[in-house]
Amino acid sequence: MTIVIGLTGSIASGKSTIARIISEWDIPIIDADVISREVVEAGEEAYQEIVRVFGENVLQSDQSLDRKKLGQVIFKDAAKREQLNKIVHPAVRKKMLRQRDNYVEAGESAVVLDIPLLFESKLTHLVDKVLVVFVNEQTQLKRLMGRNNFTREEAEDRISSQISMEDKAAMADKVINNNGTIEESKRQLESILEEWHVKKSG
């Protein structure tokens, strides 16, 4: 029986670090961000719909999607963000489910769906357990400003477009407190996977 784990957090919570550790242990991981880039490549259905709805000004000179430009359009406008989500999310979900089912059929002990907007997109029904990577807001803000060279206002805009970390932690089956060192987070992850009877190697 395969356990399907939904891994989530918020922007700059360090979820990618936890995902990397999981993949180092040879546990299959399906990354929604990778898939969301694949489904908006030129020629894909979702790409054509984005160009139709948002116009060609969200394209780069080589006709690929200008993610930064599109990001500026949607982060300040909830209606436009919703429009984009309605195009991209179904395409991502379809591809993720196909990959998930392949791992289940192959008899893996676990498969992880790495979905940053698991709660926002109401996708918890796709998984058996939800694992949230948590940091406090000060840490989140500091990491985001440092990592992306955002102003404080830009960073706060990104953070406020998602459900708060506290609310996500409250809805999770398990929480990794990622305010400390990577080693501390790794120990928490190991203990959770043991409890869920997930085999790890590597």
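This is a predicted model: local features need pLDDT of at least 70, side-chain atom pairs count only at pLDDT 80 or more; totals for chains, interfaces and linings use all residues.

Me: What angle do H4 and helix H5 (residues 78-105) pack at, and how far apart are their axes?

Reply: The angle is about 125°, and the axes of H4 and H5 lie 6 Å apart.

Me: Which residues meet where H4 and H5 pack?

Reply: On the H4 side they are Leu70, Val73, Ile74 and Phe75, and they meet Ala78, Lys80, Arg81 and Leu84 in H5.

Me: What makes Ser16 exposed?

Reply: Exposed needs over 50% relative accessible area. Ser16 has 56% relative accessibility, so Ser16 counts as exposed. Ser16 sits in helix H1 (residues 15-24).

Me: And why is Thr17 called partly exposed?

Reply: Buried is under 20% and exposed is over 50%, with partly exposed in between. Thr17 comes in at 22%, hence partly exposed. Thr17 is placed in helix H1 too. Both Ser16 and Thr17 are among the residues UniProt lists for "binding site", in an unreviewed entry.

Me: How do you know that the buried residues of helix H7 (residues 152-160) are on the same side?

Reply: Ala155, Arg158 and Ile159 are the buried ones. They cover an arc of only 100° around the axis, which puts them on the same side of H7. On the other side of H7, Glu153 and Ser160 are exposed. The cover over the buried residues of H7 includes helix H4 (67-75) and helix H6 (137-148).

Me: What makes strand S1 (residues 3-8) mostly covered?

Reply: Buried is under 20% relative accessible area, and 6 of the 6 residues in S1 are buried. Ile3, Ile5 and Leu7 are on one side, Val4, Gly6 and Thr8 on the other, and both faces are covered.

Me: How do you know that S1 pairs with strand S4 (residues 129-134)?

Reply: Pairing takes at least two bridges. S1 and S4 have 4, in the parallel sense, with Leu7 opposite Leu131 in S4. Strand S3 (residues 110-114) is joined to S1 by 5 bridges, also parallel, and there Val4 stands opposite Val111.

Note on methods: Residues are numbered from 1 along each chain as its sequence is written. Side-chain values use heavy atoms; hydrogens and water are left out. Buried means under 20% relative accessible area, exposed over 50%, partly exposed in between (1.4 Å probe, protein chains only). Helices (H or I, at least four residues) and strands (E, at least two) are DSSP runs, numbered from the N terminus. The arc is that of the directions from the helix axis to the C-beta atoms. Contact means heavy atoms within 4.5 Å. UniProt positions are given in the numbering used here, feature names are shortened, and annotations may be inferred rather than shown by experiment. Axes are lines fitted to C-alpha atoms, for helices over the stretch in contact, and angles run from 0 to 180 degrees between N-to-C directions.
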